[in-house]
Amino acid sequence: RQKEEIQHQNEVLNQRNEEIEAQRDFAHKQNEEITDSINYAKRIQSAMLPPEAYISELLSEHFILYKPRDIVSGDFYWVEEVDNHWVIIAADCTGHGVPGAFMSMLGVSMLNEIVRVKKIIQPDQILNLLREKIIIALRQKKESSIMDSMDMAVCTLDMEKGSLLYSGAKNPLYHISGGKL
């Protein structure tokens, strides 16, 4: 009788092990599919960033520090030349990973419209219009405690005058000249 009981318990254990292995395999497959999807999103997000060759044409001396915490990023940089003015933007969107990437894609898309299409190059106007567009796009209410946003630095270089205009949202400007701040 004990032998039958032990055999029954072994059968139950084997069945449970098979169920656990099936759940593990299912979870592994789902994880693979999600990771593949996010990696594909990374390719799309990377394609939205300005190519290094384009930036090198505009700015001979520059560097880009872009290190997403996750596969996709809530940070982005953006560069555009409009009528001998270079608009250069660095942004940090609310959230990391997929939520931040959605915000960055929204920001890039709106900046393309604001600067490329509407030819707005004043940093303060770019920030204000971008803010308005994000509030509308995300259906945010001003009294809401949850406000998705972007910390951003916007510089416009006037190559004819040799001047720089700056506006920032939670990002200060540091000017270094002759080794002194």
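**Close-up views of a predicted model**

Tyrosine 66 is partly exposed because its relative accessibility is 24% (buried is under 20% relative accessible area, exposed over 50%, partly exposed in between, with a 1.4 Å probe and protein chains only). This is a predicted model, where local features need pLDDT of at least 70, side-chain atom pairs count only at pLDDT 80 or more, and totals for chains, interfaces and linings use all residues. Residues are numbered from 1 along each chain as its sequence is written, and side-chain values use heavy atoms, leaving out hydrogens and water.

View A. Tyrosine 66 sits in the loop between α2 (52–58) and β1, while tyrosine 77 belongs to strand β1, 11 residues apart (helices, H or I, of at least four residues and strands, E, of at least two are DSSP runs numbered from the N terminus). Tyrosine 77, at 18% relative accessibility, counts as buried.

**View B. Here is helix α3, residues 97–117.** Its 21 residues reach 29 Å from first C-alpha to last, close to the 30 Å expected (1.5 Å times one less than the number of residues). Among the buried residues of α3 are Gly97, Gly100, Ala101 and Ser104. Just after α3, lysine 119 takes a positive phi of about 60°.
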